[in-house]
Amino acid sequence: MTTHRAFHRHALAAAVLLALAGGVHAQLSSSTIQGRITGAAAAAPAGLPVVAVNKDNGNTYRTTTRSDGSYVLTGLAPGSYEIRVVGPGGEQKSELVTVRVGEQASLDLAIGAAAQQVVIVGAQQRKDVKTSEVGTNVSRAQIENLPQVTRNFLAFADLAPGVRFTQDPGGNVTLQNGAQNQDNVNVFIDGVGQKNYILRGGVSGLDSSRGNPFPQSAIAEYKVISQNYKAEFDQVSSAAITAVTKSGTNSFHGEAFFDQTRASWTALSPFEKEAKAKGIDKPDSTQNQYGFNLSGPIQQDTLHFFVAYEGKTIETSREVVAQNLDRLPANAGIVPSLVAMQGSGIAKFNEDLLFGRLDAQLAEDHRLMLTARVRRETDLIPEDNRPVGLSVIGNEKNRSNDETRLELTHEWSRDRFLNEARIGYEDYQWHPHSNSTAPLVKYVASPPPSNWIGNVGDVLFTGGSPDAQDRHQKGVFVQDDFTFLGLLGHVMKTGVKVKDLKFDLSGTSRSVDVVRTVIDSTTGLPYYDAATGNCLPSAPTSPAQPPHTDTPVDTLQCHIDRAIPAAGVSFKDRQFGIYFQDDWRVTDRLELNLGVRWDYEDNALNNNYVTPADRVAALFAPDVERAGITPAPGQTYAQSLAKGGINISDYISNGSSRKAFKGAWQPRLGFSYDLLGDKQSVVFGGWGRAYDRAMANHALDELQKNAQPGGEIWLIKNDHKMPYTDQFALGLRQALGPWNGEVGYTNSYAHNQFNWFGGNRDPNGGWGTQSPIDPLWGGPQGFGTLILGDFISQAKTQTVYFKLDKPYTRDSGWTVSATYTYSDGKTTNNEWTNNIFNWTYGRSTAGWNPSKDVERHRLVAAALSDRLLPWGIVLSGKMTLGSGLPRRIVDCSGGFNTENGQKGCVTVKGDGKAFRQFDLGIAKDVGVGFGRITVRADVLNLFNSINYGGFDDWGGGPGNPQNYLGGDNANLGKPNGMAGPMRTVKLTARYAF
């Protein structure tokens, strides 16, 4: 087996060879123009020169016609090209064509017998309809002009069928497709995947951050593919987004911008109004975004540069409002001091993004591109991260996201082939930590024991944040992609990528004690003794109650999760991928897309890990009475598990029992058929399998929990599977005058999603009297609960969608894109979402559940016009309408367990509230000096619609029915969170030349 040191030597040698042999624009971000050239009565002769010249930077691409008059120009950077055809008699004619990122444009050219003029057959806006992909393009005009506040270029990805881009009240972003796991998306920038190997979110820096993954001003355009991507796409089994960055041209261009929004420019939410009524007003705060970019030639037609910087500072106002004070004595115990902790404060955020790019045309058939990106981010957020929350000032954590990436790409093109070679480096670190070492104390207004669930009765949170983590991924990769055009009717691509990564993962989820304590309803005192850090054994009677030095006591009124020392793991992971793709033009009407890829990584989840001996001994030790059931004499805990279908030996690692997964074969098949041969009606479809990977952070969870003496036992199954999705789509694209229409059906079935689940079983292999939705807590004697990790969950989504797109033309001056999606999303995760925890997996109640991540109906539309208003004012808008996400209600009205005839707690589907948001943008630019000044106003949620995103979904316990389920929670269905912004105004000033 090759050592890592040898691997580094081989990788370096391969990088040098590839850099010498081949590699600017990767296939994922480049475009292709293909078609047929005809003369007066027949196909043009073979060998007719066809040349594409980039109008911005002078880059030249050449090919010649084949024996049937067909031609293929591949590896083109998105942009405008002059297509030059040299006729049989030496005459030269030309036509201007614009291609978009990832576009497979189909253009037939005709040279008239008399005029010898090049004519495009079919409208320009219909040139990309012969593709099997399901998705949409987002143009630079849309990125620059559609209204938004965050400057996150991914904000318009939801124009694609089934794709959701959401931002929670804390500013954190989620990007996902249907009911599939959000971790299975990937974003490719200039052909390079931005995969997050250590955290959730799919893309590095997208998880747990109010920042942006990339400078928006550096993105030229991007494409969102929700189904049927080709074989060159790797480490993605959900939505794939491929973006291309701006490059320098033969003219100097630059811009500087500043935009701002303030708390005083944002309407109050219902919760903020409630806080204001209690005397806690929302403080004014600002969000500033600023930056510049500059580009131009270093040498005309040969060497160009582009550089962009964007900064963001956010001072988010937050109010601290105690809850459930009506259940406490107003002037007794600690209640007055807690009331005094109410107030308002600021949660500060700062981000710096820098991107640079150099493009060099070394010779007519050799090009080189070098890119660099740096991200630095700090964020101070409250533990209860809501605009109106329970975290007092100081109950916060400091969160950071830092990233550095470098890529060097070389492209070598000839008449019948294109070779792209690349070497890259990445370094990403996520590091949240608390500035306080005090215990986190969650004060609760004394609920009855039956209500000791979730956050029922919470009053305030004080102390530090327990979250202290450090996640780090670093690595290099080499990649080569070769496109062969020498076989008539075929564009064949093959590629290989090797990546060497190192994961340094450390920290703890509880750097301080986490206390949950009831406040006595008579004395106003907590059941927690801050002097000793212990729970009180009985009701507190006075502030002078003597300190306790005995063993800590856990009661129904007080519970402490003790701090866990930091632990870490460092391991390397080598990744290998290879693919073959053939785009076969069978006839002028039929095209087939036939591809297959295979991926492998040797150490995704710390395969050298050895389960600690104390855990192994406890698992095979004699079992004891649990859940009221006495085991048979001599029966071990492992034998009890076996009765419940768990072979615990499958989860115990000896350092060599874990094997890397080798079965990631992924066929991907697609077709498109032009019914009449005029690109007016095109049937398309495809089926494919796509594999992704699991987060390396699971390995840290296992190590950290098992490092705690007498703590919980976390074990990952030795037989590693990997998550994958089977995708199927069928649709029709239809020209409707100047509009492009599309109707389609998609079906995605995601398998092997990683989950942690409760492994404990009673001596009979069951769950005792636990409710159907509750795991059985309590592991082998002397240890905490048993948690098992395996690739077990599934998700499936069926959609029917309709798309309408009216491309922008200079004559019309407007464009509209609209997508309606009807979705049916389901998951086997018992939390009804893509949570990494699926606690009751294995119970008879397991099965398909509604997905909390999928709306039944969703309409997203965007429009842009520079003619509708006078004086050259540009008007833009985006509308999002949704039927609302399903809610998972926990109903314990039938009792809390299954003994004495009770049915126990069950889950019930609740209907979410409809989502409505209309955003508007207005811009006006005026010529000043060598450039133009643009003044712009964006109004998010123009009509100030109230979109709730969280609800009290506790159905309550038995007795004293207070809701329609018969539970005792009168607040069932009461909103407690927002799903979108209230009306928000953002102003922007921009100077460009």
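**Reading a predicted model, feature by feature**

Author: Serine 139 is found in the loop between strand 10 (134-138) and helix 2 (140-145), where helices (H or I, at least four residues) and strands (E, at least two) are DSSP runs numbered from the N terminus. This is a predicted model, in which local features need pLDDT of at least 70 and side-chain atom pairs count only at pLDDT 80 or more, whereas totals for chains, interfaces and linings use all residues. Residues are numbered from 1 along each chain as its sequence is written, and side-chain values use heavy atoms, with hydrogens and water left out.

Reader: How should I read accessibility, and which class does serine 139 fall into?

Author: Buried means under 20% relative accessible area, exposed means over 50%, and partly exposed lies in between, with a 1.4 Å probe and protein chains only. Serine 139 has 27% relative accessibility and therefore counts as partly exposed.

Reader: Which residues is serine 139 in contact with, leaving aside its neighbours within four places in sequence?

Author: Contact means heavy atoms within 4.5 Å. With those neighbours left aside, serine 139 is in contact with Ala220 and Glu221. For a sense of scale, serine 139 and glycine 663 lie 524 residues apart in sequence and 38 Å apart in space, C-alpha to C-alpha.

Reader: What is a nonpolar core, and which residues of the largest one touch the most other members?

Author: A nonpolar core is a set of buried Ala, Val, Leu, Ile, Met, Phe, Trp, Tyr and Cys residues joined through side-chain atoms within 4.5 Å. The largest nonpolar core has 32 residues, of which Phe153, Leu154, Leu175, Tyr222 and Ile241 touch the most other members. Among the elements that give two or more residues to this core are strand 11 (163-167), strand 12 (173-177), strand 15 (219-227) and strand 44 (857-865), and the largest share, 3 residues, comes from strand 15. Leucine 175, with neighbours within four places in sequence left aside, is in contact with residues including Leu154, Val163, Phe165, Leu206 and Ile241. A second, separate core of 22 residues includes Val320, Val335, Val444 and Cys558.

Reader: How many aromatic pairs are there, and how are they classed?

Author: Rings of Phe, Tyr and Trp (its six-membered ring) pair if their centres lie within 6.5 Å; planes under 30 degrees apart count as stacked, over 60 as edge-to-face, and the rest as tilted. By this rule there are 34 aromatic pairs. The rings of phenylalanine 896 and tryptophan 954 have centres 6.4 Å apart and planes at 20 degrees, so this pair is stacked. The pair links distant parts of the chain, 58 residues apart, with phenylalanine 896 in the loop between strand 46 (887-891) and strand 47 (906-910), and tryptophan 954 in strand 51 (residues 954-956). Phenylalanine 896 is partly exposed at 28% relative accessibility, whereas tryptophan 954 is buried at 8%. By contrast in geometry, the rings of tyrosine 948 and phenylalanine 951 have their centres 6.4 Å apart but their planes at 65 degrees, so that pair is edge-to-face. Tyrosine 948 is partly exposed, at 24%, while phenylalanine 951 is buried, at 11%.

Reader: Which residues do ring pairs link into a cluster?

Author: The cluster consists of Trp714, Phe754, Trp756, Trp777, Phe791, Phe837 and Trp839. Phe754 and Trp756 are also among the residues in contact with histidine 698 once its neighbours within four places in sequence are left aside, the others being Leu605, Ile716 and Ile836. Histidine 698 lies in helix 7 and is buried at 3% relative accessibility.

Reader: How many residues of helix 7 are buried, and what covers them?

Author: Helix 7 (residues 697-706) is mostly covered, with 10 of its 10 residues buried. The cover includes strand 28 (468-484), strand 29 (490-508), strand 34, helix 5 (613-619), strand 38 (713-716) and strand 40 (739-758). Strand 40 also holds tyrosine 745, which is partly exposed at 27% relative accessible area. Not counting residues up to four places away in sequence, tyrosine 745 touches Phe728, Ala729, Leu730, Gln798, Thr799, Val800 and Tyr801.

Reader: How is a cavity read, and what volume does the second largest cavity have?

Author: On a 1 Å grid over the protein atoms alone, a cavity is a set of points where a 1.4 Å probe fits but cannot get out, and lining residues have an atom within 4 Å of a point; grid points are joined across faces, edges and corners, and a volume is the space filled by probe spheres set on the points. The second largest cavity has a volume of about 190 Å³. Of its 15 lining residues, Gln235, Asp599, Tyr600, Glu601 and Asp692 are the closest to its centre. Strand 34 (567-585) and strand 35 (590-601) each supply at least two residues of the lining.

Methods. On a 1 Å grid over the protein atoms alone, a cavity is a set of points where a 1.4 Å probe fits but cannot get out, and a pocket is an open set with protein on both sides within 12 Å along at least five of seven lines; lining residues have an atom within 4 Å of a point.
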